[in-house]
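Please open the model in your viewer and keep the sequence panel beside it. The tour goes from selection to selection.

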Amino acid sequence: VEAAPPDWSFSDEISTIQLETRPSAPYSINIWAVGIGDRLYVHAGANRSRWVENLTADPRARVRVAGKLHPMTAVRVADAAEFATFADAYKKKYGMRPRNENVAEVYLYRLDART
């Protein structure tokens, strides 16, 4: 386990990361992620999947990126400008924009370093 890096730009070369939620009974998934400076984002669209439910109940998470495990705290993005910045980076990395860009209807999480 290592502290989160100060810059996630290296993740542009990594398509999929591992996200672990629910520390009391860990639940892990493979997911696309976008790094923008010191911020790392994961997106579920309008799908309130199990990992979204887990983060709603407890925002503590861990991510494995490039073989390193980082403790993080998930914060749901509610700001349209922040979502737009994410959507631009998502398109650059994956070649398409998110299907739904209404921040009130989708589940976009910023993963902040946990101290």
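How many bridges join β1 to strand β5, and in which direction do the two strands run? Select β1 together with β5 (residues 60–65): three bridges join them, and they run antiparallel. Strands here are DSSP runs of E with at least two residues, helices are runs of H or I with at least four residues, and both are numbered from the N terminus; two strands pair if DSSP finds at least two bridges between them. Within β5, look for Arg 64, the bridge partner of Gln 18.

This is a predicted model, in which local features need pLDDT of at least 70 and side-chain atom pairs count only at pLDDT 80 or more, while totals for chains, interfaces and linings use all residues. Residues are numbered from 1 along each chain as its sequence is written, and side-chain values use heavy atoms, with hydrogens and water left out.

Thr 16 has Trp 32 as its bridge partner in β2. The two strands form a hairpin with five residues between them, and Arg 22 in that turn has a positive phi of about 55°.

From Trp 32, move on to the cluster that ring pairs build from Trp 32, Tyr 41, Phe 83, Phe 86, Tyr 90 and Tyr 94. Rings of Phe, Tyr and Trp (its six-membered ring) pair if their centres lie within 6.5 Å, with planes under 30 degrees apart counted as stacked, over 60 as edge-to-face and the rest as tilted. By this rule there are eight aromatic pairs. Tyr 90 and Tyr 94 have ring centres 5.3 Å apart and planes at 55°, so this pair is tilted.

Finally, select helix α2 (residues 80–94), where Tyr 90 and Tyr 94 are separated by about one helical turn because they are four residues apart. Both tyrosines, Tyr 90 and Tyr 94, are buried (under 20% relative accessible area, with exposed over 50% and partly exposed in between, for a 1.4 Å probe and protein chains only).
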